[in-house]
Amino acid sequence: MHGALRHKGRRKDRLALTAAFKCIFLLCLASLRAGRRREGLKQREAAALAFSIQITDLTKQYRKGPPALNKVNLNIQSGMFGLLGPNGAGKTTLMRILATLLQPLSGEVYVGGVNLADNPGAVRAILGYLPQDFNTYRRLTVRQVLDYVALLKGLDAAAARRQKVELVLAQVHLKEKRHTQVAHLSGGMRQRLGIGQALLGDPQLLIVDEPTAGLDPEERIRFRNLLVEISKGKVVLLSTHIVGDVESCCSRLAVLNQGNVCFTGSPAELAAKARGQVWEIAAAEEQHTTLPASARVIATRRIGDTVHRRILSPMRPLPAALPVEPTLEEGYLQVVKAGATP
Ligand SMILES: Nc1ncnc2c1ncn2[C@@H]1O[C@H](COP(=O)(O)OP(=O)(O)OP(=O)(O)O)[C@@H](O)[C@H]1O
Ligand SMILES: [Mg+2]
């Protein structure tokens, strides 16, 4: 009787021990898998951080006129990169080439290590693009447009697609307009829809061609913040005429003029390009001042009877002129003026 009980007790102990070993083994396995997952995540994050665009000697010639891009060299790292330049500088041409919509005459583009000419499909798979003249699907509703674009981008599962569309609707503040036809949206709202469709599919490369044109100031600020938020580990290429857009959200930028890159660097470095060339003069309204031909008035403010002028000039334009710290806009004007062919 006693022997049988002892035997039963030993069996119980053995079972408990086996269960404990099993438990430890499973825990070790889980921790090993978690370690591998963490490692994989780290590698993916590193790959995302390393994601960049290399542009070498890129030239584009349309049928008529001078080259729209003339041996452009740029190295664009992940984060927000601004593209500034006057009308006709070549910004849209460059963006359309990167978006695989246009063929260059010569030169090379590598996107995240992939040669654009050899493998445009691979670049398209990671691309979100908002064209300068986004205006499409006028008879569809906002939600239908996003749903359709999500389908085109390969979001096949209906539930996941619905979820993603709802997220994008919230991101671009168009939730209340989800059932409105595109034709009935204001210009700014249509622009927001354009941004929304570019965000679908979580693109690693987001190209937005003058996205803030037509947005009201509040919406512009919200949009800039959104771009900065999503730019982590991605390349966001933003072209604009609004210098303030670049100042507030791009750590690096390039200035294009007549198809040539005439500046690359940080906003502070661009502003510094006009150091020693910006002057302020305060004079009574009736006092007439003749400026040298090389001087250019860039801002005029009237305070009471006094007129304050900011002047861009390589030398002191008048004895009363005082040197002032340049703004980013003044740096930009200086660089464009210096790079322009007469
Ligand atoms: N399809 C085209 N056919 C012929 N020339 C073109 C074409 N598209 C652009 N160009 C020319 O190429 C040059 C660069 O134009 P692009 O649209 O790239 O400039 P941009 O910097 O985007 O100007 P904007 O600020 O006005 O949008 C311009 O001289 C323009 O006239
Ligand atoms: Mg353009």
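**Basis.** I worked from a predicted model, in which local features need pLDDT of at least 70 and side-chain atom pairs count only at pLDDT 80 or more, while totals for chains, interfaces and linings use all residues. Residues are numbered from 1 along each chain as its sequence is written, and chains are lettered from A and ligands numbered from 1 in the order in which they are written.

**Secondary structure.** I counted 10 helices and 14 strands in the protein, taken as DSSP runs numbered from the N terminus (helices H or I, at least four residues; strands E, at least two).

**Core.** I looked up the largest nonpolar core and found 77 residues, with L146, I207 and L237 having the most contacts inside it; such a core is a set of buried Ala, Val, Leu, Ile, Met, Phe, Trp, Tyr and Cys residues joined through C-beta atoms within 7 Å, buried meaning that 20 or more other C-beta atoms lie within 10 Å of a residue's own, with C-beta atoms placed from the backbone. Domain 1 (28-126 + 204-262) and domain 2 (278-324) both contribute residues, so this core lies between them; the bounds come from an automatic or database domain assignment.

**Sheet.** I traced an open sheet of 4 strands, ordered β12-β13-β11-β14 with antiparallel pairing (a pair needs at least two DSSP bridges), and its edge strands are β12 (296-303) and β14 (322-323). Between β11 (residues 278-284) and β13 (residues 306-312) I noted 7 bridges, and W279 stands opposite I311 in β13.

**Ligand 1.** Around ligand 1 I listed residues including Y62, N87, K91, T92 and Q132, where the criterion is a C-beta atom, placed from the backbone, within 6 Å.

How values were computed
Buried ≥ 20, exposed ≤ 12 C-beta atoms within 10 Å, placed from the backbone.
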